[in-house]
Amino acid sequence: MPTFVYMTRCDGCGECVDICPSDIMHIDKTYRRAYNIEPNFCWECYSCVKACPQHAIDVRGYADFAPMGHSVRVLREEEKRIISWKLKFRDGREKNFVSPIRTTPWGSIKPPYDYEAPSPEALNAQELSHEPEALHIEALPTLPPK
Ligand code: SF4
Ligand code: SF4
């Protein structure tokens, strides 16, 4: 389901342009509002939908999924830390989904070069990098002997 922009809600902030991995969200030079320049190339990742602070981006369903008369609304509720999806079918049925926002704050992830270089023994060990301390446990569980 590719996306489209409600131009009356969009304020031209460009968040969707920055986040789109397909580079198809552009700002119209005349109206200073975003639009999807090539819906066929939409990855349907919905990064733009979730990132838009104005809730200006919606999803256009394919006919087999949501035929004429349908609607798909996505709402990012930052204060509740949720993203809610409301699907309305042509026959009036509604489906609502809620999923948590799991965004990690920008800059809060420790980059690899901030970790100590692994020892030669660690490179040959079975554990993954920085296990078990990165898992906040003393040791990985082991199978009991038979
Ligand atoms: Fe770009 Fe993904 Fe939005 Fe499609 S859904 S316009 S690929 S950010
Ligand atoms: Fe418009 Fe939303 Fe894109 Fe900002 S993120 S330019 S408000 S559609």
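The paragraphs below go through the ligand site, some backbone features and the pockets of this structure.

The model is predicted, so local features need pLDDT of at least 70 and side-chain atom pairs count only at pLDDT 80 or more, while totals for chains, interfaces and linings use all residues. Residues are numbered from 1 along each chain as its sequence is written, chains are lettered from A and ligands numbered from 1 in the order in which they are written, and side-chain values use heavy atoms, with hydrogens and water left out.

Ligand 1 is surrounded by 13 residues, of which C20, C42, C45, Y46 and C48 are the closest; a residue is near a molecule if one of its heavy atoms lies within 4 Å of it. This shell holds nine nonpolar, three polar and one charged residues. Here Ala, Val, Leu, Ile, Met, Phe, Trp, Tyr, Cys and Pro count as nonpolar, Asp, Glu, Lys and Arg as charged, and the others, Gly among them, as polar.

Y46 sits in the loop between β3 (34-36) and α2 (47-51). Helices (H or I, at least four residues) and strands (E, at least two) are DSSP runs, numbered from the N terminus. The phi of Y46 is positive, near 65°, although Y46 is not a glycine. Y46 counts as buried because its relative accessibility is 13%, where buried means under 20% relative accessible area, exposed over 50% and partly exposed in between (1.4 Å probe, protein chains only).

H55, also not a glycine, has a positive phi of about 50°. It belongs to the loop between α2 and β4 (57-59), and with a relative accessible area of 23% it is partly exposed.

The largest pocket has a volume of about 320 Å³. Its lining has 13 residues, and K50, R76, I83, I101 and T103 are the closest to its centre. α2 and β7 (94-100) each give two or more residues to this lining, and α2 has the largest share, three residues. A pocket is an open set of points on a 1 Å grid over the protein atoms alone, where a 1.4 Å probe fits, with protein on both sides within 12 Å along at least five of seven lines; lining residues have an atom within 4 Å of a point. Grid points are joined across faces, edges and corners, and a volume is the space filled by probe spheres set on the points.

The second largest pocket has a volume of about 220 Å³. Among its lining residues are E116, L123, H130 and E131. E131 is joined to P132 by a cis peptide bond, with omega about 5°, and P132 lies in the segment after α3 (120-124).
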